[in-house]
Every structure is written in C-alpha cells, then in structure tokens.
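Subject: Structure handover

Hello,

Here is the structure, passed on with notes on what was found in it. Please have it open while you read.

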Amino acid sequence: MKLSIILLGILSLSNLLYETDSEEKQRWILESHYRQSTEEQKAQFPYYIQCGLSNEDFEFLCSVVSAESSENYDGNVAVACVIFNRVDNENFPDTVIEVLTESGQFSTVRQGECNTETTDETRKAVVEAYLNRPLPTNVLYFRADYYFNWGTPYQEIGGNYFTSI
C-alpha cells in the first residue's frame with residue numbers, strides 16, 4: 001500500500017514535470033516536493049535534488065570525485081565530503097562549482113582529467129557524503145600518496161591522505 005502511494009505520487013510529479021516548460025521550474029517543483037517528503041520518499045528523488053544541486057553541477061561533481069579518488073566507495077565518499085566541507089567553510093567559495101574550479105585546487109579539473117563517465121555507485125557516494133558528512137568539518141584537504149607537511153593528518157581513505165586544519 002505504502003509503495004503504491006509513493007509510486008502514485010512520483011507518477012503525478014512526473015506528469016507535472018513533463019508539462020512544465022523550463023528546467024528551472026522543474027527543479028523548483030522537485031525541490032519543493034522533496035522538502036515536503038518523508039525520508040522514505042526522499043530516497044526516490046533524483047540524486048542531484050537530494051544534494052540541492054542542478055543535474056549539470058551534480059554530474060560535474062561526480063566526474064571530479066571519480067577522477068580524484070579510486071573506485072573505492074569510501075574514497076569517493078571522503079573526497080565528496082571534503083568538497084562539501086569546503087563549500088561550508090568561510091575560507092573557500094560558496095558553491096560546489098566554485099570550489100571545484102578554484103585556481104590551484106583540483107589537479108584533475110586543471111588538467112582536464114575529470115571528463116570520465118560516472119557510475120551510479122559514485123553518485124550514491126556523493127549523496128551519502130552530502131547527507132551524512134562522515135568526515136569532520138575541518139577536514140578540507142587530501143592528496144594521493146602521502147600527507148601534506150602542514151595541518152594535521154586525519155586518515156588515509158581509498159588511496160588518498162586526508163588532512164584537517
């Protein structure tokens with residue numbers, strides 16, 4: 001019964017979105033319905049809505065996460081968490097895109113290596129990072145192979161070494 005109600009709501013929402021003319025309006029409608037949904041219903045929404053991003057920004061974020069970390073799920077969650085921590089930190093830009101494209105920050109963006117296709121597992125890892133924030137908010141840096149020689153080493157996860165300030 002519950003599943004039928006959820007599916008009926010999603011189908012009604014799909015019809016409404018089909019009739020809506022602009023992407024911006026569609027996103028606004030989805031976000032509005034998302035905020036009013038139960039936790040069980042929220043899991044049925046597109047990943048990008050669950051993270052409060054446009055689909056384009058979400059997919060770019062996922063491609064950077066894929067390029068910056070291994071195929072390890074925990075590593076993907078940790079890299080995404082650092083990005084979200086930076087968005088929330090006053091010393092970094094306020095949006096995911098600005099954080100990712102900030103000069104000198106993500107080598108895969110600078111070198112154009114983040115054009116990889118993302119997997120559904122990477123998308124799920126990004127959503128988990130956004131919703132659960134498994135790393136402390138002061139973990140703002142990572143690199144491959146070894147810790148920075150400044151800050152406080154936090155933990156090695158998925159082949160990257162994470163540092164807090």
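Y73, N76, V77, A80, C81 and F84 of α6 meet E121, T122, K124, A125, V126, E128, A129 and Y130 of α9; contact here means heavy atoms within 4.5 Å. Sorted by class, this contact of α6 with α9 holds 9 nonpolar, 2 polar and 3 charged residues. Ala, Val, Leu, Ile, Met, Phe, Trp, Tyr, Cys and Pro count as nonpolar, Asp, Glu, Lys and Arg as charged, and the others, Gly among them, as polar.

A note on the source: this is a predicted model, in which local features need pLDDT of at least 70 and side-chain atom pairs count only at pLDDT 80 or more, while totals for chains, interfaces and linings use all residues. Residues are numbered from 1 along each chain as its sequence is written, and side-chain values use heavy atoms, with hydrogens and water left out.

The α6 and α9 pair

Helix α9 covers residues 120-132, and α6 packs against α9 at an angle of about 45°, with the axes 8 Å apart. Axes are lines fitted to C-alpha atoms, for helices over the stretch in contact, and angles run from 0 to 180 degrees between N-to-C directions. The angle of about 45° makes α6 oblique to α9. Angles under 35 degrees count as roughly parallel, over 145 as roughly antiparallel, 65 to 115 as roughly perpendicular and the rest as oblique. The crossing of α6 and α9 is right-handed; a crossing is called left-handed if the near helix is turned anticlockwise from the far one by less than a right angle, and right-handed if clockwise.

V77 lies in helix α6 and counts as buried, at 4% relative accessibility. Buried means under 20% relative accessible area, exposed over 50%, and partly exposed in between (1.4 Å probe, protein chains only). Leaving aside neighbours within four places in sequence, V77 is in contact with A125, E128, A129 and P134. V77 and K124 are 47 residues apart in sequence, and their C-alpha atoms are 8.6 Å apart in space.

The α5 and α6 pair

Helix α5 (residues 55-68) packs with helix α6 (residues 73-88) at an angle of about 125°, and their axes are 9 Å apart. The two helices α5 and α6 are therefore oblique to each other, and their crossing is right-handed. On the α5 side the contact is made by L61, V65 and E68, and on the α6 side by N76, V79, A80, I83 and F84. By class, the contact of α5 with α6 has 6 nonpolar, 1 polar and 1 charged residues.

F58 is also found in helix α5. At 1% relative accessibility, F58 counts as buried. Not counting residues up to four places away in sequence, F58 touches Y47, Y48, C51, L53, R123, V126 and V127. Y48 is 10 residues from F58 along the chain, and the C-alpha atoms of the two are separated by 5.5 Å.

The strands and loops

T163 lies in strand β3, residues 160-164. T163 is buried, with a relative accessible area of 1%. Among the residues in contact with T163, neighbours within four places in sequence left aside, are V139, L140, Y141, F148, W150 and Y154.

Which loop holds R133? R133 lies in the loop between α9 and β1 (139-144), where R133 has a positive phi of about 40° although it is not a glycine. At 26% relative accessibility, R133 counts as partly exposed. D145, in the loop between β1 and β2 (152-157), has a positive phi of about 80° and is not a glycine either. D145 counts as exposed, at 63% relative accessibility. Most residues other than glycine have a negative phi.

The chain as a whole

The protein chain has 9 helices and 3 strands, and from the N terminus on its elements run α-α-α-α-α-α-α-α-α-β-β-β. Helices (H or I, at least four residues) and strands (E, at least two) are DSSP runs, numbered from the N terminus. Of the 165 residues, 41% count as buried. Among contacts between residues at least 6 apart in sequence, 52% join residues at least 24 apart. The chain exposes about 9600 Å², of which carbon and sulfur atoms supply 48%; accessible areas come from the Shrake-Rupley method with a 1.4 Å probe, and for residues only the protein chains shown count as cover.

Regards
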